[in-house]
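Let's take a walk through this one, going from helix pairs out to whole domains. Keep the viewer open as you read.

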Amino acid sequence: MWDYTDKVKDHFLHPRNVGFIDNFDGIGEVGSLACGDALKLTFKLGPDGRIADAKFQTFGCASAIASSSALTEMIKGMTLDEAAKVTNEDIANYLGGLPKEKMHCSVMGRDAMEKAIAYYRGEGEKKIDGEIVCECFGVTDKQIERAVKENGLTTIEEVTDYVKAGGGCGHCHDKIQAIIDTTLGNAPKPPKKAEPLTNIQKIKLIDATLEREIKPALNQDGGDIELVDVDGNRVLVKLRGTCASCNKSQLTLKHYVEAKLKDLVSPDLVVEEV
Amino acid sequence: MDAPIYMDNNATTRVAPEVLEAMLPYFSDLYGNPSSMHTFGGQVGQKIDAARAHVARLLGAFPEEILFTSCGTESDSTAIYAAIRSNPDRKHIVTTRVEHPAVKNLVEHLGKNGYQVTFVPVDRQGRLDLDVLYDSLSDDTAIVSVMWANNETGTIFPVEEIARNVRDRGIVFHTDAVQAVGKIPINMANSAVNMLSLSGHKLHAPKGIGVLYIRKGTRFSPFLMGGHQERGRRAGTENTASIIGMGRAAELAMAGMEVENSRVKALRDKLEAELLKRVPNSMVNGDPENRLPNTTSIAFEYVEGEAILLLMDQYGICASSGSACTSGSLEPSHVLRAMGVPFTAAHGSIRFSLSVYNTAEEVDRVIEKLPPIIDRLRQMSPFWHEAQKSGK
């Protein structure tokens, strides 16, 4: 037995805007019989460019029907730009929340809205973006990545709740974990290839690093630094402000400025004061 | 909400009033431990023996072949582990693709731990491919476990025939008969079945009591170890009240078998025929010939099961569904998928399972209420509109 909110039950038992607008301006279809739920959304724009009417047909469980009903209520009166910003979380919140295993119902609503807007704008049927990861439900890496990013998902189970991926045979679980890791930045980064910088790249990078990383720190102590020239791997600088008269300036130069530049630009750099 | 119309008896049954009445003294006055030496406890032991005899009669077995457990799942696990522990050199298990999770998940687990498993497929009617079963048998096979009747479709399998062939190969045969016992006649006297599981709460005894039948001469190894209860085959102080209830339920099942196969069957047949007549694009899942008398699984195309159940719930009608959404998994039931039921139908499959407590009025009410529910959901379903357009 699912723990549905009263609002979900209300929208399931008394769904709003069931139907199909024959002279629609936009239409979006998502899901399939095989997946167990599907939604066909149509909308009609008013003379003011806002959504004057929206209707849905849904095959699916109570929360799929309720999510569709909620979506049509939410988008009526919106401009397409506003409707495009409706997230799956907005739909779930409108319903007072959905059981986590049913979040994919709200994602389905969001996806149908996007497709319907794309149809209206003549962007046509978007090709499925990315590579299929979950064969059972036809979910791509891009879809998983997006769900992870937008909803802060951290486990395979959560990914299944939101986009169904991994809910069938389970063979794709390793791939889903890898996508989660990469998206959240937990994956071991591939070792950087030490591409040799051209002179102009090197100078730009040194200048940017000085501006962004080093100057603010020196400024805090009333000091400053100015890039004079770059000769091969020799970085020639002038210290200013309090730094110019500070007896620890050589220490600052070697242990702070040079270390930073070695770390962020190139390990071969040597900093010299002129 | 209306008074419940309970048609989900393959999930669980109500405790028969006679069963409850028989049990009550064992919660109050007769609280002794059946293992005690004193008369106060010992008298409970005698009542347990009587209950054991009732269960034995229901199965055509000897009382010493009856082992009380805590549930059907424990009986299944006990049987399968007993077989593989008694045959440590054999590393092959045969079962079907449509077993209850109590067997399916255990065997899948063993499959990941050194056992080779053959899952026998079924056809579109849910009938087993016996050639695959027999061809898979070898000297390495430790056990064959085939359910007597399927919980979702009610399809009855030719268990006696399979058991004979398996016995002739010198292999242990177990059957999960949880759905069959009490609904169809079962007689272990002339059978080749080695072990049989049953569950009390499927036949009007309470939840928390199961039975494992173990044919004399079958090599056995206990699942729970400890005390000497159940002649050392299942340790743990007896669940006395429930065992007494189980015995009474077995008596009632024997007496009620004819009602089950006449009146209950007639109610089921009427329910099924009327629903098929009144709802277009509906069909029965499973073998119409060999089927439990109380069960019908009906697929309503282009709608989804959870939505049907929740709308029926408004009228107090209790049934269950093979759809994905009801189980929390995302795929429809493994039984319907194994049968190759198309997705158009699998998601909208509803199982009605009746009992002796159902009435003709209840059946009429379901026949009245369900067709408009299906129609209402179809009016919402994009696939229904597409199917109508294409004239299906």
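Before we get to any helix pair, a word on axes: each one is a line fitted to C-alpha atoms, for helices over the stretch in contact, and angles run from 0 to 180 degrees between N-to-C directions. Bear in mind, too, that this is a predicted model.

Helix α2 (residues 39-59) and helix α7 (residues 240-278) of chain B cross at roughly 35°, and their axes come within 8 Å. The crossing of α2(B) and α7(B) is left-handed. If you want to see who meets whom, look on the α2(B) side for B:Val44, B:Lys47, B:Ile48, B:Ala50, B:Ala51, B:His54, B:Val55, B:Arg57 and B:Leu58. Facing them from α7(B) are B:Thr240, B:Ile243, B:Ile244, B:Met246, B:Gly247, B:Ala250, B:Glu251, B:Ala253 and B:Met254.

Now zoom out within chain B. The chain is split into domain 1, made of 5-12 plus 258-380, and domain 2, which covers 17-253. Their centres, taken over C-alpha atoms, are 28 Å apart. Where the two touch, domain 1 of chain B brings 21 residues and domain 2 of chain B brings 22. On the domain 1 side, β10 (295-300) and α10 (334-338) of chain B each give at least two residues, and α10(B) has the largest share, with 3 residues. What is that side of domain 1 of chain B made of, in nonpolar, polar and charged residues? It comes out as 6 nonpolar, 11 polar and 4 charged.

Over to chain A, which is divided into three stretches: domain 1 (1-126), domain 2 (127-190) and domain 3 (199-273). The centres of domain 1 and domain 2 of chain A lie 23 Å apart, again over C-alpha atoms. Their contact draws 9 residues from domain 1 of chain A and 10 residues from domain 2 of chain A. On the domain 1 side, helix α5 (residues 103-120) of chain A gives the most, with 3 residues. That side as a whole divides into 3 nonpolar, 2 polar and 4 charged residues.

Stay with α5(A) for the last stop. It packs against helix α7 (residues 156-163) of chain A at an angle of about 50°, with the axes 5 Å apart. So α5(A) and α7(A) are oblique to each other. From α5(A) come A:Met103, A:His104 and A:Val107, which meet A:Asp161, A:Tyr162 and A:Val163 in α7(A). The residues of that contact are 4 nonpolar, 1 polar and 1 charged.

Definitions and conventions: Residues numbered from 1 in each chain as written. Chains lettered and ligands numbered in written order. Predicted model: local features only at pLDDT ≥ 70, side-chain atom pairs only at ≥ 80, totals over all residues. Domains from an automatic or database assignment. Contact = placed C-beta atoms within 7 Å. Helix = DSSP H or I, 4+ residues; strand = E, 2+ residues; numbered from the N terminus. Nonpolar A, V, L, I, M, F, W, Y, C, P; charged D, E, K, R; others polar. Parallel < 35°, antiparallel > 145°, perpendicular 65-115°, else oblique. Left-handed = near helix turned anticlockwise from the far one by under 90°.
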